[in-house]
Amino acid sequence: MAKLKVGILISGRGSNMAALIQAAQAADYPAEIACVVSNREDAGGLEAARKAGVPTTVISHRGYPDRETFDRDVSASLEKHGVGLVALAGFMRIQSAWFPEHWAGRQINIHPSLLPAFPGLHVQRQALDAGVRLSGCTVHFVTPTLDSGPIIAQAAVPVLPGDTVETLSVRIQRQEHRLYPLVVRWFAEGRISIADGQVTVRDIPPGAALLFSPEP
Ligand code: GRF
């Protein structure tokens, strides 16, 4: 069966992108990374994608008159590569409403908190300031409202005494790199559906959409 083509949008170092590229190198993985698009030409992830033989495109948002015109060009680039799923991986551009509507049900994001807690920026700082004992990451469908689309899966980690933004970030990122490839696999296998804003993942073991990692 033809593999699902995934387009990844990045702005930075692209460690989640790299985790997806690595997962997709397995012969039995049901998705392939068709392209990586960055809005910044200095994004560190571009080099890693090129080394892995994944086509890369830089579309700088600078010089565009408005968000939607930029978004339409990004979308055209993804469509040129036959993309069936868009995976945001540290893409630091707020999208116009047009993009998530055009890709509704076909665009996912990974966020470094247990949403709906701590949307937006400085996420680990928010978690530490709130004094939560658990944090983690969330993969969700993208809707026009930032970090608030239907949740597909989450991974939880403890917040430990003495944690800093850096130590908590590292612990969460280890789980991101497990969770994102898993969700892309489920999507490619056609297991994920949305009804009334709620996601169902078919035929997975109970609890598999919540990973918990007690390791520090
Ligand atoms: C990740 O923490 C992700 O959750 C957030 O942006 C960060 C991207 O990191 N959306 P990387 O570029 O994948 O390393």
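Modeller: Helix α5 passes helix α6 in a right-handed crossing. The model in which this is seen is a predicted one. The axes of α5 and α6 come within 9 Å of each other and cross at roughly 110°; the two helices are therefore roughly perpendicular to each other. On the side of α5, the residues that meet α6 are Gln124, Arg125, Ala127 and Leu128. Their counterparts in α6 are Val165, Leu168, Ser169 and Ile172. By class, this contact of α5 with α6 has five nonpolar, two polar and one charged residues.

Helix α6, which covers residues 165-188, also packs with helix α1, residues 15-24. Here the angle is about 45°, and the axes are 9 Å apart. That angle makes α1 oblique to α6. The crossing in which α1 passes α6 is right-handed. From α1, the contact is made by Ser15, Asn16, Ala19, Leu20 and Ala23. From α6, Gln173, Glu176, His177, Tyr180, Pro181 and Val184 take part. The residues of this contact of α1 with α6 divide into six nonpolar, four polar and one charged.

Around the ligand are Ser15, Asn16, Gln173 and Glu176, along with Arg13, Gly14, Gly90, Ile110, His111 and Pro112. In the side chain of Ser15, an N or O atom is 2.5 Å from an oxygen atom of the ligand. Gln173, a residue of α6 in the contact with α1, has a polar side-chain atom that lies 3.3 Å from an oxygen atom of the ligand. Pro112 is represented by its backbone: a polar backbone atom of this residue is 3.5 Å from an oxygen atom of the ligand.

Strand β5 spans 107-111 and helix α5 spans 123-130, and Pro116 has its place in the loop between β5 and α5. A cis peptide bond, with omega of about 10°, joins Leu115 and Pro116. His122 is placed in the loop between β5 and α5 too. Although His122 is not a glycine, its phi is positive, at about 50°.

Leaving aside residues up to four places away in sequence, Val199 touches Phe141, Pro150, Ile151, Ile152, Ile192, Ser193 and Ile194.

To return to the part requested, α6 is crossed in a right-handed manner by α5 and by α1. The former is roughly perpendicular to α6, whereas the latter is oblique to α6.

Technical notes
Residues are numbered from 1 along each chain as its sequence is written. This is a predicted model: local features need pLDDT of at least 70, side-chain atom pairs count only at pLDDT 80 or more; totals for chains, interfaces and linings use all residues. Side-chain values use heavy atoms; hydrogens and water are left out. Axes are lines fitted to C-alpha atoms, for helices over the stretch in contact, and angles run from 0 to 180 degrees between N-to-C directions. Helices (H or I, at least four residues) and strands (E, at least two) are DSSP runs, numbered from the N terminus. Angles under 35 degrees count as roughly parallel, over 145 as roughly antiparallel, 65 to 115 as roughly perpendicular and the rest as oblique. A crossing is left-handed if the near helix is turned anticlockwise from the far one by less than a right angle, and right-handed if clockwise. Contact means heavy atoms within 4.5 Å. Ala, Val, Leu, Ile, Met, Phe, Trp, Tyr, Cys and Pro count as nonpolar, Asp, Glu, Lys and Arg as charged, and the others, Gly among them, as polar. A residue is near a molecule or strand if one of its heavy atoms lies within 4 Å of it. A polar contact is a pair of N or O atoms within 3.5 Å; within protein, one must be able to donate a hydrogen and the other to accept it, and residues adjacent in sequence count only if both atoms are side-chain atoms.
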